[in-house]
Amino acid sequence: MFLRRPALDRTDVVMETRQLGRTDVHLTELGCGGSQLGGMFAPLSDEQAAAALRAASDQGVGYFDTSPFYGRGQSEHRIGRHLRDPDVAGAIVSTKVGRVLFRPPDPDGFDCPDAVDGLPFDFRFDYSYDGILRSYQDSLQRMGRRRVDILFVHDLDCVMHPSAASVEHHLAELQDGWRALDELRAAGEIRAIGVGVNVLGMIPRFLDDFDVDAFLIAMPYTLLDQEALVEELPLCVDRGVGVVIGAPFCSGILATGAVADATYGYESTPDPVRRKALAIQEVCDRHQVPMRAAALQFPLAHPSVASVIPGVVSPVQVADNIAMLHCPIPIAFWADLKDQGLLRKDAPVPE
């Protein structure tokens, strides 16, 4: 659950902050996701990345999330450079553990498969004690920081693992690796331990086995999908565990609408999802509500959610996200979605 603190005020923009679960970390309601800063979908120059990050800070965004995986270190380098600016001192930063980057045997011939202009590093999954400490120390070097606020265990439930047996192997490995996270938290090196989740079913397992402060949920709780309300999010409320929502636009379709090339979960949109998005768009049009605004504001109504972190690549995108966050949405809009079966009846909605 969250508690509000005095708002951050940068220029003429006021950005509310929320407490992340039971921790002493307070996040701005709108954060900055770092995947696209690693060139995930399209080439992005250092200058373009710097301009987007500068615009975010200038307009009150005070939380930046990244990962070694995003651009194979590129996102961490760019966010680290930005956060070394004295004008943005005090911003909250999170990164992730679970992958260790290394020089490939043939760096000149290496082509990064998950980023258009990623750096020439390969990775291995490593959730062990030594692997987590190695990943953390490497991230500090890339970002030029003494410490970070939050470390998220990254992609342990992800489809990138070849099988369910591989997931179970890494979960067993994390039993030892969690010691490293506990030690870092106890020493004040980090302020919170989090876990990134991409599919339903993993949050109960993590809560049973580990002392988790927060979850970064990407995809299972959006305007298009609220099944996390059945078990996952009630458990977070009961345990006082905070939530950050990644991919609030579902990687594309809730920002672009159901256009021909709209993506959902970083892949082509399945027909049932497209039909639901079109139905939601009709309700948006009837109430004159941008679907982007509904997508950003909806998750923040849940009592566990502290921040939503869409990716950004330009100052224009930053300005649009902030405008959508503050766009007025009538109560009748949410009631209409529920009446049409497009939103769960028990879904909390903005007042």
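**Ground rules.** I number residues from 1 along each chain as its sequence is written, and side-chain values use heavy atoms, with hydrogens and water left out. Because the model is predicted, local features need pLDDT of at least 70 and side-chain atom pairs count only at pLDDT 80 or more, while totals for chains, interfaces and linings use all residues.

**Sheet.** I looked up the strand order and got an open sheet of eight strands, β4-β5-β6-β9-β10-β11-β12-β15, with parallel pairing. The edges are β4 (32–33) and β15 (305–309); each has a single partner strand, so one side of each has no neighbour in the sheet. Strands here are DSSP runs of E, at least two residues, and helices are runs of H or I, at least four, numbered from the N terminus. Two strands pair if DSSP finds at least two bridges between them. I then checked β11 (residues 214–218) against β12 (residues 242–246): they pair in the parallel sense over five bridges. Ala218 sits opposite Gly246 in β12.

**Helices on the sheet.** Helix α2 (residues 74–83) lies across β5 (63–65) and β6 (92–97), at about 160° to β5. Helix α3 (residues 129–143) lies across β6 and β9 (150–153), at about 140° to β6. Axes are lines fitted to C-alpha atoms, for helices over the stretch in contact, and angles run from 0 to 180 degrees between N-to-C directions.

**Thr222.** I found Thr222 in the loop between β11 and α6 (232–239). Leaving out residues up to four places away in sequence, Thr222 touches Ala247, Pro248, Cys250, Leu254 and Phe298; contact means heavy atoms within 4.5 Å.

**Cavities.** I searched the whole structure and got two cavities of 30 Å³ or more. A cavity is a set of points on a 1 Å grid over the protein atoms alone where a 1.4 Å probe fits but cannot get out, and lining residues have an atom within 4 Å of a point. Points join across faces, edges and corners, and volume is the space filled by probe spheres set on them.

The largest has about 40 Å³, and its lining includes Leu30, Cys32, Val312 and Asn321. By class that lining has six nonpolar, two polar and no charged residues. Ala, Val, Leu, Ile, Met, Phe, Trp, Tyr, Cys and Pro count as nonpolar, Asp, Glu, Lys and Arg as charged, and the others, Gly among them, as polar.

Definitions and conventions. 1 Å grid on protein atoms, 1.4 Å probe; cavity = no way out; pocket = protein on both sides within 12 Å on 5 of 7 lines; lining within 4 Å.
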